Amino acid sequence: MIVIVSELGQKLLPKLVFSIVRRAYIDIVLSCARFRRWAKSFYYLGTSVECPFCGGHFRKFLPTGVLEREFWSSPEAQQLLAEEFVTVCNLQCPRCGSSERHRLAFFYLQDNLRMKENQGARLLDVAPDAFVTKALFQTANIDYVSIDLVRSNADYLMDITDLQFDDDSFDVIVCYHVLEHIKEDRQAMGELYRVLKPGGWAILQVPIWARETYEDDSVPREKFLKHYGHKDHVRTYGLDFKERLQSSGFQVNLDQYVRMLPEEVVNKFGLLLQEDIFRCEKPVA
Ligand SMILES: [Zn+2]
């Protein structure tokens with residue numbers, strides 16, 4: 001409906017008038033969204049949980065809506081949810097919208113980048129996340145480089161399957177919930193391995209929503225939501241994601257970082273206990 005009205009307006013109104021009306025419409029929509037967020041964060045104010053990004057304290061985090069998708073409605077999918085390895089983010093900050101994966105990235109990277117051996121590290125951030133970038137990378141003592149295929153908030157527009165960097169360029173790579181969107185994910189893993197320095201480390205996280213990775217080239221894009229649980233995911237990864245990374249050359253350790261945190265910290269900051277970190281290292285030859 002909005003698209004039809006927009007196209008009609010573009011045809012009927014002079015260009016300048018259309019541009020002003022369009023800008024006003026976007027401002028109203030953004031203001032309404034900001035007001036809704038503000039009202040929601042006020043409504044849920046409390047002392048049970050805390051968001052490290054916006055500093056808000058709330059009664060609880062809120063569902064993201066992921067579990068309401070058809071993908072999770074079958075009895076098989078419901079059974080999967082009971083498995084310990086499935087990592088569905090479903091605790092959203094009422095104020096800024098951060099979820100479990102953002103908060104885990106914040107704590108894990110904060111701890112690791114503070115280490116003496118990582119001071120001054122050259123870090124590649126793939127598809128930078130506004131939450132983590134703003135809160136962490138801008139203040140850490142690192143040489144930060146970001147890339148994205150389309151978004152202009154990155155330093156370079158670049159395809160992860162064809163990185164324009166020399167071999168052995170980075171000490172650290174952060175690639176968080178990206179590979180599930182990439183058709184040629186093995187090519188992307190190979191490129192990440194190539195540009196990582198020997199002795200360097202990467203965290204390559206994906207949602208684990210299956211026992212074994214499922215992908216089917218015959219599934220059309222409009223069916224991705226039903227088959228893979230997300231309209232932009234091209235597969236659902238399973239526990240064999242680790243082997244896929246290993247076949248690209250990485251040494252992979254599943255870092256059970258969250259499980260080692262005190263229970264009150266896990267609950268307070270809404271972390272996902274079963275979200276292990278795929279910590280990938282490039283061996284020194
Ligand atoms: Zn927040």
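Helices (H or I, at least four residues) and strands (E, at least two) are DSSP runs, numbered from the N terminus.

The model is a predicted one, in which local features need pLDDT of at least 70 and side-chain atom pairs count only at pLDDT 80 or more, while totals for chains, interfaces and linings use all residues. Residue numbers start from 1 along each chain, as its sequence is written.

Now the whole chain. The protein chain holds 9 helices and 9 strands. Its C-alpha atoms fill a box of roughly 65 × 45 × 45 Å along the principal axes. The radius of gyration, taken over C-alpha atoms, is 21 Å; this agrees with a compact globule of 285 residues, which would have a value near 19 Å (the rule is 2.2 Å times the number of residues to the power 0.38). Of the 285 residues, 29% are buried, where buried means that 20 or more other C-beta atoms, placed from the backbone, lie within 10 Å of the residue's own.

Next, the sheet. Seven strands form an open sheet in the order S5-S4-S3-S6-S7-S9-S8, with mixed pairing. Two strands pair if DSSP finds at least two bridges between them. S5 (156–157) and S8 (251–255) are the edge strands, each pairing on one side only. S3 (residues 122–126) and S6 (residues 170–176) run parallel, joined by 4 bridges. Asp125 stands opposite Val174 in S6.

A nonpolar core is a set of buried Ala, Val, Leu, Ile, Met, Phe, Trp, Tyr and Cys residues joined through C-beta atoms within 7 Å. The largest one has 50 residues, and Val172, Ile173, Val174 and Cys175 are among those with the most contacts inside it. H4, S3, H5, S6, H6, S7, H8 and S9 each supply at least two residues of this core. S6 gives the largest share, 6 residues.

Take Cys175. Beyond its neighbours within four places in sequence, Cys175 is in contact with Val126, Leu192, Ala202 and Leu204. Contact means C-beta atoms, placed from the backbone, within 7 Å.

Finally, back to H4 (100–113). Its buried residues include Arg101, Leu104, Phe106 and Leu109. H5, S6, S7 and S9 are among the elements that cover the buried residues of H4.

Conventions. Buried ≥ 20, exposed ≤ 12 C-beta atoms within 10 Å, placed from the backbone. Contact = placed C-beta atoms within 7 Å.
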